[in-house]
Amino acid sequence: MGEAERTNLLDLDRPGMEALIVDMGFKPFHGRNLLKWIHKHGVTDFAQMTDLPKVLRERLAAETRIGLPEIVFEQPSLDGTTKWVLELDDGQRIETVYIPDGDRSTICVSSQVGCALDCSFCSTARQGFNRNLTTAEIIGQVWAATRELGRPPSNVVLMGMGEPLANFDNVVRAMQLMTEDLAYMIARTRVTLSTSGIVPALRRLREASNVSLAVSLHAPDNALRDELVPINRKYPLEELIPACRDYIAGEKRRKITWEYVMLDGVNDSIAHAKALIRLLQGIPSKVNLIPFNPFPGTDYRTSPLERIDAFRQRLIRAGIITITRKTRGDDIDAACGQLVGRVRDRSRRQLREGGTVAGGRA
Ligand code: SAH
C-alpha cells in the first residue's frame, strides 16, 4: 500500500482507534494501548509497542502510518517563547508557538493554512485561505511540542493560524485527544478555542467539546465590527452574544474570554469602553486587551500604553476582569497575528535571491 493511502493513526481519537483495531480483528484495548504508545510515550516504531500482539504490529506497519509534521525551523525568543515552523506532507508550512509562563506552559496551535475570514488587522488574512489542517496535523503540533518539552503542555490555545470553527470536525477530534486520559490529559478548561464568531458552529461546539472559549470581539458595535471582523456581517452581535452566553450557561465559574485588539484611534476610546461594558453586561467575562502587533503593509498602529491603561481601568471599574495581554515573542514574529506572514516573506525573499543568482549566472 502506498504511504499516502494508509490511515494516518494521528487522525484517530480513542473511539476511532478502537474501531480500526476491532476492524483488523483485535480487541478494543489494543487500540487504547496503541493510542497511549503514540501520544503518551511518543513511540512511533511499532516494533517497540511490546504489549501489542506481534501480528497486529506487523499489520500496522504494513497498512497504517504515523505521519507527523516535521519541525524545520526553531526560533527561541529572548522571553523564552519559542516558535516552531512545521512542514506538512505537501510542503505547506505552519507555525506553533510555545509560551512558558511560570508553572504554565502554553502551546499556541494552528488549525488552518491561511484563513478565509479576512480580518482587517490580521496578517494571516493577507495570505488568504489555503486549506484545513487534518486532525493529525493539529494534534501533531501538540505531539511535537510534547517531545520538545519532555512533557505535555499545561495549556493549549487554538489561537494560531486559521479559524478553528471553520475546520470543525478535525479541530474537535484533535481537542478530544488533547483532553484524553490516554493521550495528553490536559483539562478541558485549559484548552481554549478562539473564534471570530461563526455562530452555528459555536452552538454545535458545546455538545461536541465544551472547552474554554475565547471570542475575537475587537469592537463593541456592529458598524465597527463589520469593518474589523467581516464575518460579523453574517453573524452580527445580536446573534453572537446570546450564543456565547448559552455556551457557558449552567457552568459555574466559567467565563468567556473576549479578545480585543487595541488599534490606535479605531476602537480604543472611552466611548468604546463604555459601549463594551454595556454589551457584556450580565455575562461572566474576562477581557484580554491585545496590543496590536504591526506587520508590513498595515496602516493600523497600536494604541499608546496610556490609552490601553485607561481603557482597562474603565472596564475594571465596571467590575470586568481585564488584562492587557503581554506581547510575547515579538522579537521573533511569534506574536498574535504575525504567524507565518514572515515565513512567506522569507520564501519570497529566497525566490528573489534565487532569481538574482540564476540571473547572475545567465
Ligand atoms: N481565528 C481565530 C484565531 C485567531 S488568532 C480568531 O479569530 O479568534 C488569535 C487572536 O489574535 C485573535 O483574537 C485575533 O483577532 C488576534 N489578532 C490577529 N491579528 C492580530 C494583530 N496583528 N495584533 C494583535 N492581535 C491580532
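Okay, a definition to begin: helices (H or I, at least four residues) and strands (E, at least two) are DSSP runs, numbered from the N terminus. What you see above is a predicted model, where local features need pLDDT of at least 70 and side-chain atom pairs count only at pLDDT 80 or more, while totals for chains, interfaces and linings use all residues. Residues are numbered from 1 along each chain as its sequence is written, and side-chain values use heavy atoms, with hydrogens and water left out.

Let's go to the ligand. How many residues surround the ligand? There are 21, and the closest are Gly162, Ser194, Ser216, His218 and Asn293; to be near, a residue needs a heavy atom within 4 Å of the molecule. Strands β10, β12 (256-262) and β13 (285-291) each give at least two residues to that shell. Sorted by class, the shell holds 10 nonpolar, 9 polar and 2 charged residues.

Now the polar contacts, meaning pairs of N or O atoms within 3.5 Å. Ser194 uses a side-chain N or O atom, 2.6 Å from an oxygen atom of the ligand. Gly162 has a polar backbone atom 2.9 Å from a ligand nitrogen, and for Phe121 a backbone N or O atom sits 3.0 Å from a nitrogen atom of the ligand. Taken alone, the ligand exposes 540 Å², and the protein buries 96% of that, using Shrake-Rupley areas with a 1.4 Å probe.

Next up, helix α7, residues 199-208. Its residues Val199, Ala201, Leu202 and Leu205 are buried. These four cover an arc of only 150° around the axis, which puts them on the same side of α7; the arc is taken from the directions from the helix axis to the C-beta atoms. For the accessibility words, buried means under 20% relative accessible area, exposed over 50%, and partly exposed in between (1.4 Å probe, protein chains only). What do the buried residues of α7 pack against? They pack against α6 (168-179), β10 (191-195), β11 (212-216) and α9 (237-248).

Last, two single residues. Leu315 is found in helix α11 (residues 305-317) and is buried, with a relative accessible area of 0%. Not counting residues up to four places away in sequence, Leu315 touches Ala273, Leu276, Ile277, Val287, Ile320 and Thr322, where contact means heavy atoms within 4.5 Å. Ala273 is 42 residues away along the chain, yet the two C-alpha atoms are separated by 6.7 Å.

Pro284 lies in the loop between α10 (270-279) and β13. At 38% relative accessibility, Pro284 counts as partly exposed.

Technical notes: A polar contact is a pair of N or O atoms within 3.5 Å; within protein, one must be able to donate a hydrogen and the other to accept it, and residues adjacent in sequence count only if both atoms are side-chain atoms. Ala, Val, Leu, Ile, Met, Phe, Trp, Tyr, Cys and Pro count as nonpolar, Asp, Glu, Lys and Arg as charged, and the others, Gly among them, as polar.
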